[in-house]
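The following briefing sets out selected packing and contact features of one protein chain. Please read it alongside the sequence and coordinates.

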Amino acid sequence: MIISPSILSADFSCLEREIKAVERAGADWIHIDVMDGNFVPNITIGSCVVESIRKVANIPFDVHLMINEPEKHYKSFARAGADIITVHVEATNSLYRVIEGIKEHCKAGVAVNPATSLRAVENIVDEIDLLLIMTVEPGFGGQKFIEKMIKKVEEAKKMIGSDIYLAVDGGVNENNAPMLRKAGANVLVSGSYIFKSKDYEKAIKKLRE
């Protein structure tokens with residue numbers, strides 16, 4: 001089970017300290033939410049921030065592009081130090097081309113929103129390294145987990161088999177983590193649950209158990 005804390009919920013006034021803290025606490029990856037104020041209503045960070053924090057982090061960067069036309073921007077995030085770049089199936093009309101381009105630099109993932117059918121990605125699963133199931137509407141941290149998405153995770157696991165990471169992002173906590181693991185997820189992205197806790201190590205361990 002891979003635990004990928006989302007720095008969207010971290011204290012940005014001391015981001016280096018936050019990243020090092022979750023590393024010490026047992027995090028496997030760092031999840032970085034990139035939002036453009038277009039595909040989603042919020043605006044977060046760009047590749048320059050990724051490049052800066054790459055210098056202080058020792059674990060893989062899981063960069064989630066919640067932006068329209070990711071084909072225009074993925075290269076800058078790859079150069080900045082991304083180990084995995086995930087794009088939304090809803091955000092581009094050239095998904096195959098984007099995935100092929102990303103794979104020239106790092107691992108490639110595809111994300112699907114709660115209302116998007118898995119049929120939208122069934123023809124690309126052989127080309128990707130990670131499938132990300134959104135369990136909230138993307139755009140903001142701290143949202144409530146959508147319970148119906150557990151079935152979607154189960155369906156996704158049957159579709160992709162065991163050679164592709166199956167990630168879940170949105171409202172993940174100690175209560176739903178066991179159900180998500182049982183459904184087949186092997187990457188849990190969690191922001192508020194970890195960064196709002198008083199003990200990062202304890203929070204990460206609870207997600208694994």
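**Ring contacts and packing**

Arg-54 lies over the face of Phe-61, 3.9 Å from the ring centre; a charge counts as over a ring if NZ of Lys or CZ of Arg is within 6 Å of the ring centre and within 35 degrees of the ring normal. The model is predicted: local features need pLDDT of at least 70, side-chain atom pairs count only at pLDDT 80 or more, and totals for chains, interfaces and linings use all residues. Residues are numbered from 1 along each chain as its sequence is written, and side-chain values use heavy atoms, with hydrogens and water left out.

**Aromatic pairs**

- The structure holds two aromatic pairs, a pair being rings of Phe, Tyr and Trp (its six-membered ring) with centres within 6.5 Å; planes under 30 degrees apart are stacked, over 60 edge-to-face and the rest tilted.
- Trp-29 and Tyr-165 are edge-to-face, because their ring planes stand at 90°, with the centres 5.1 Å apart.
- This pair links distant parts of the chain, 136 residues apart: Trp-29 is in the loop between helix 1 (15-24) and strand 2 (30-35), and Tyr-165 is in strand 7 (residues 165-169). Helices (H or I, at least four residues) and strands (E, at least two) are DSSP runs, numbered from the N terminus.
- Trp-29 is buried at 7% relative accessible area, whereas Tyr-165 is partly exposed at 25%. Buried means under 20%, exposed over 50% and partly exposed in between (1.4 Å probe, protein chains only).
- Phe-195 and Tyr-200 also form an edge-to-face pair, with 5.5 Å centre to centre and 75° between the planes. Phe-195 is buried at 7%, and Tyr-200 counts as buried at 15%.

**Nonpolar cores**

- Of the 66 residues in the largest nonpolar core, Ile-7, Ile-32 and Ile-85 touch the most other members. Such a core is a set of buried Ala, Val, Leu, Ile, Met, Phe, Trp, Tyr and Cys residues joined through side-chain atoms within 4.5 Å.
- Apart from it lies another core, of ten residues, including Ala-111, Met-134, Val-136 and Ala-167.
- Beyond residues up to four places away in sequence, Ile-32 touches Ile-7, Ile-45, Val-50, Ile-53, Phe-61, Asp-62, Val-63 and His-64; contact means heavy atoms within 4.5 Å.
- In soluble globular proteins, nonpolar side chains tend to be buried together.

**Surroundings of His-88**

- His-88 lies in strand 4 (residues 84-88) and is buried, with a relative accessible area of 0%.
- The side chains of His-88 and Glu-90 are joined by a polar contact of 3.0 Å. A polar contact is a pair of N or O atoms within 3.5 Å; within protein, one must be able to donate a hydrogen and the other to accept it, and residues adjacent in sequence count only if both atoms are side-chain atoms.
- Neighbours within four places in sequence aside, the contacts of His-88 include Phe-39, His-64, Ala-111, Met-134 and Pro-138.

**Cysteines**

- The count of disulfides (cysteine sulfur pairs within 2.5 Å) is zero.
- Cys-14 is in no disulfide, and its nearest cysteine sulfur, that of Cys-48, is 18 Å away; Cys-14 is buried at 15% relative accessibility.
- Cys-106 is likewise in no disulfide, with the sulfur of Cys-48 nearest at 18 Å; Cys-106 is buried at 12%.

**Surroundings of Gly-191**

- Gly-191 occupies the loop between strand 8 (187-190) and helix 7 (192-195) and is buried at 13%.
- Residues up to four places away in sequence not counted, Gly-191 touches Ser-6, Ser-9 and Lys-196.
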